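Welcome! Work through the exercises below with the sequence and the model side by side, and try each task before you read its solution.

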Amino acid sequence: METPMEKEPSKPEEELSVSNVSLQMDSAEGKPAKRRVLRKAHGQLKSRKKAKRRALWEFPNKIILFTAVLFVIAVITWSLLWVFIFRIENKDVLYFVGLFRLANVEFLPEYRQRDSKEFVSMSENIQQVMNRVYKTSTFSKYYKLSIVSDISSNNNGGLLVHFWLVFVVPQGKGQTFCEDCISAILKDSVQTSILNRTSVGSLQSLAVDMDSFVLTIGLRSDYTSTTGTGLGCAYDLHADRLGQRFPLDVSAVSGICHIKLIALLGHVLRLTIVSIQLTADNCITDSLTLYDSLMPIKSLILYQICEPFNESLMSFVSTNNAMLLTLKSAQIKLLPKLDGYFEAIPQEQCGGTISTTAGIGFEGKIPSPHYPSYYPPKCICIWSFQTHHLRLGIALKFQNYVIRAKTISGCDHGWWKINQQMYCGYYTDHQTVFRIASPTVNVEFHCSSKLSQEPFLAEYGNYNISLPCPAGHFQCTSGICIQQAQRCDGVDDCFDGSDELFCAIPPKDCNASFSNQHNSFVCNGVNDCEDGRDEQNCTESVPCNNNSFRCSGNICIKKKNAKCDTLVDCPDGSDERSCSCGMKTTFQKRIIGGSDAEESEWPWQVSLHFAESAYCGASVLSKEWLLSAAHCFQGDILSDPRSWTAHLGMHVQGKAKFVTSIKRIIVHERYSNNFDYDIALLQLSSSWVDTMKHFIQPICIPPAAQKVSSGSKCWVTGWGRRLEADTKGSTILQKAEVEIIDQTTCYSTYGLISPRMICAGLISGKRDACKGDSGGPLSCQRKVDGKWYLAGIVSWGYGCGRPNFPGVYSSVSNFASWIHKHLPFIL
Ligand code: 4AZ
């Protein structure tokens with residue numbers, strides 16, 4: 001290797017390039033060479049050094065040096081940024097909020113003041129105990145602090161301690177911090193008292209009521225405003241006099257308002273909402289949430305309102321002497337406004353002993369707890385009835401509720417124990433009668449939902465056990481009695497379809513006069529005659545009677561079945577307002593890793609047959625429209641609507657209650673064979689009619705802003721293959737509960753996940769959609785109103801039920817405006 005020092009000094013440009021300098025200095029093998037150079041160039045060294053220094057500052061070297069300096073500065077800045085900013089941002093802060101009851105401490109009014117010495121000393125004591133517990137736990141290195149945010153009185157004695165726990169965890173480690181794990185640590189530290197075998201344990205010297213312990217994950221915004229560490233609007237309001245209504249007129253001044261309501265000790269709170277203005281259509285950014293505690297504890301939500309209303313009063317009752325309202329809004333210009341009042345009311349005992357009179361008929365009423373308010377969770381009412389004769393039983397008549405035998409799926413709207421038999425309660429849109437054929441009847445009602453529930457009022461009375469309905473009457477499945485003449489007249493007089501079952505429908509005669517023909521034919525919203533004569537003259541104003549429909553504004557139109565037939569018949573459109581979706585009817589008599597569905601359990605499920613074979617699934621949106629996956633109709637042959645039939649109200653494959661051909665297929669204009677925009681609307685050639693409503697129901701379309709959160713549970717249904725290796729689909733409709741998987745995890749599996757796709761399944765595999773399920777529904781139930789909505793459409797996936805490869809669905813909320821553009825009347 002030739003070294004630069006061996007070159008003539010007369011060529012300084014070559015010699016003094018930066019690379020040459022570095023070669024001279026760094027080369028270990030260059031040592032003998034260096035010596036040689038030193039020997040050779042001995043007398044020239046001084047002058048060369050000078051030349052070198054001069055040359056170093058010449059223009060090209062200046063640039064190189066400048067670049068090197070810049071590079072060093074950039075490296076240092078990056079390291080500092082990484083240490084001080086990114087490393088901090090790569091951490092998540094998790095907030096947990098909870099409460100427990102201290103049984104051995106009496107409440108002092110001073111505890112209401114956070115700066116009082118009583119509050120400070122009690123909270124410091126509790127915080128120290130919690131610090132000790134979490135600092136010695138497996139989560140010690142993530143534990144940051146605990147804060148006692150409130151100490152309040154409690155109707156059952158002792159006091160309630162409300163607290164926050166804060167953990168700082170590296171990003172992605174959050175999953176290990178489940179609510180149950182964090183609460184188990186504190187609970188385990190409380191040694192259950194063995195001596196008196198009560199559920200009171202001791203946390204150091206504090207007697208903690210273990211049954212009172214609740215803890216859930218909380219929001220940062222709630223943490224900052226309830227601990228006074230951030231901005232936000234907060235009120236503490238007291239109902240400290242009985243029989244007085246305290247007005248509530250709140251406008252949120254910033255994104256979130258916390259309003260604590262506290263009643264006189266020994267009483268509960270009733271909040272009445274007169275009106276509420278909320279602007280957006282999703283519960284995350286805009287909502288009024290009522291909590292059954294002083295802190296925003298998720299598991300103690302009583303009710304959540306996410307839409308504006310000012311039509312009728314709604315009132316809610318707490319189970320203790322406190323309630324928290326949070327009013328949230330994303331809007332800056334239009335702040336939410338709440339108008340109502342609250343009051344302290346006595347705790348109510350429901351139930352009683354009732355001896356009926358000798359006569360037949362309804363004679364009294366039993367209400368839900370705190371009627372007409374929404375009834376709170378955790379209640380038991382026991383009524384004991386005694387009739388005067390062995391031949392008389394007890395009948396209970398409800399306007400909006402039905403009692404049915406308990407099934408394996410839980411009772412979410414109250415459960416009933418009637419003469420040792422278990423039943424579930426459900427809300428309906430019609431009257432029902434429940435009869436107990438015994439002169440001695442014991443009725444227990446248990447509130448079973450965590451949320452407040454709509455009130456009910458049951459009328460009770462005697463009935464003749466051997467003749468439940470008067471002579472000349474028919475007993476519907478709903479229990480109500482209708483006149484025999486109303487059977488098989490094409491009108492659902494029972495409201496459950498039972499009077500129209502097993503009826504021979506007279507042939508339709510398009511040439512005869514329509515005045516005395518069967519009701520399911522004339523003015524039913526479907527053109528049964530080719531020229532549509534059966535649907536003409538249906539909407540003219542007529543006198544209101546049994547054969548007309550009453551629009552709002554007291555106008556009656558000739559078309560009897562105008563309500564919710566997706567055709568606007570009333571001049572003011574009132575016949576198409578408040579139509580239901582996402583409701584499972586009361587008339588209820590493969591998928592991988594699923595089980596057989598019950599008949600009518602998924603009334604929006606459709607099987608699409610191509611050339612007479614089951615090919616895809618779909619969901620009912622209205623009497624005339626279905627929603628499915630675009631890829632089912634890919635290519636010239638599959639895109640021809642004439643090759644398809646839709647099978648609705650079906651349980652066993654091939655045995656549908658209603659079959660029709662397809663009139664039109666609307667595939668999303670951006671669908672291009674890669675599963676993105678995998679959505680299509682199908683128009684039916686003929687509509688299903690109201691008498692089928694017990695088997696066929698539309699599902700709700702989620703609003704654009706309603707995103708289904710990861711971890712929530714939904715159901716996928718279909719007649720597709722039950723195993724990846726199967727060669728044909730299932731005969732009975734299958735259902736499987738699947739979990740929504742977060743977008744990042746799914747993306748890390750597939751990579752190809754667009755914002756219009758959501759993933760669901762189990763990380764362990766096993767529960768999934770498979771071939772033949774495509775186009776079918778991923779149905780989720782909304783907590784607020786119990787309605788079912790279509791979160792996804794079965795689209796694709798790698799195999800079926802494989803571990804780490806969840807099913808991929810089209811995210812329906814992303815297509816809300818596309819669907820509404822085509823079907824403006826859909827809910
Ligand atoms: C299909 O071919 C299909 N595991 C649907 C869903 C999935 C796989 C295949 C997801 O219809």
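**Exercise 1: the ligand**

A nitrogen atom of the ligand sits 2.9 Å from a polar backbone atom of G799. The protein covers 85% of the 300 Å² of accessible area that the ligand has on its own, with accessible areas taken from the Shrake-Rupley method with a 1.4 Å probe. Before going on, note that this is a predicted model, where local features need pLDDT of at least 70 and side-chain atom pairs count only at pLDDT 80 or more, while totals for chains, interfaces and linings use all residues. Residues are numbered from 1 along each chain as its sequence is written, and side-chain values use heavy atoms, with hydrogens and water left out.

*Task.* Which side chains have an N or O atom at 2.7 Å and 2.6 Å from the ligand?

*Solution.* 
- Step 1: take the ligand's nitrogen atoms; one is 2.7 Å from an N or O atom in the side chain of D768.
- Step 2: turn to its oxygen atoms; one is 2.6 Å from an N or O atom in the side chain of S774.
- Step 3: look at the surroundings, which include K771, W796 and C800 (a residue counts if one of its heavy atoms lies within 4 Å).

**Exercise 2: S212**

*Task.* Is S212 buried or exposed?

*Solution.* 
- Step 1: read the relative accessible area of S212, which is 17%.
- Step 2: compare with the cut-offs: buried means under 20%, exposed over 50%, and partly exposed in between, with a 1.4 Å probe and protein chains only. S212 is therefore buried.
- Step 3: check its side chain, where a polar atom lies 2.8 Å from the backbone nitrogen of R101.

**Exercise 3: R112**

*Task.* Where is R112, and how far in space is R112 from S152, C-alpha to C-alpha?

*Solution.* 
- Step 1: go to the loop between β1 (91-102) and α6 (117-135), which holds R112.
- Step 2: R112 has a relative accessible area of 46%, so this residue is partly exposed.
- Step 3: R112 and S152 are 40 residues apart in sequence, yet their C-alpha atoms are 7.0 Å apart in space.

**Exercise 4: the whole chain**

*Task.* How many helices and strands does the chain have?

*Solution.* 
- Step 1: the chain has 10 helices and 42 strands.

Methods
Helix = DSSP H or I, 4+ residues; strand = E, 2+ residues; numbered from the N terminus. Polar contact = N/O pair within 3.5 Å; in protein donor to acceptor, adjacent residues only side chain to side chain.
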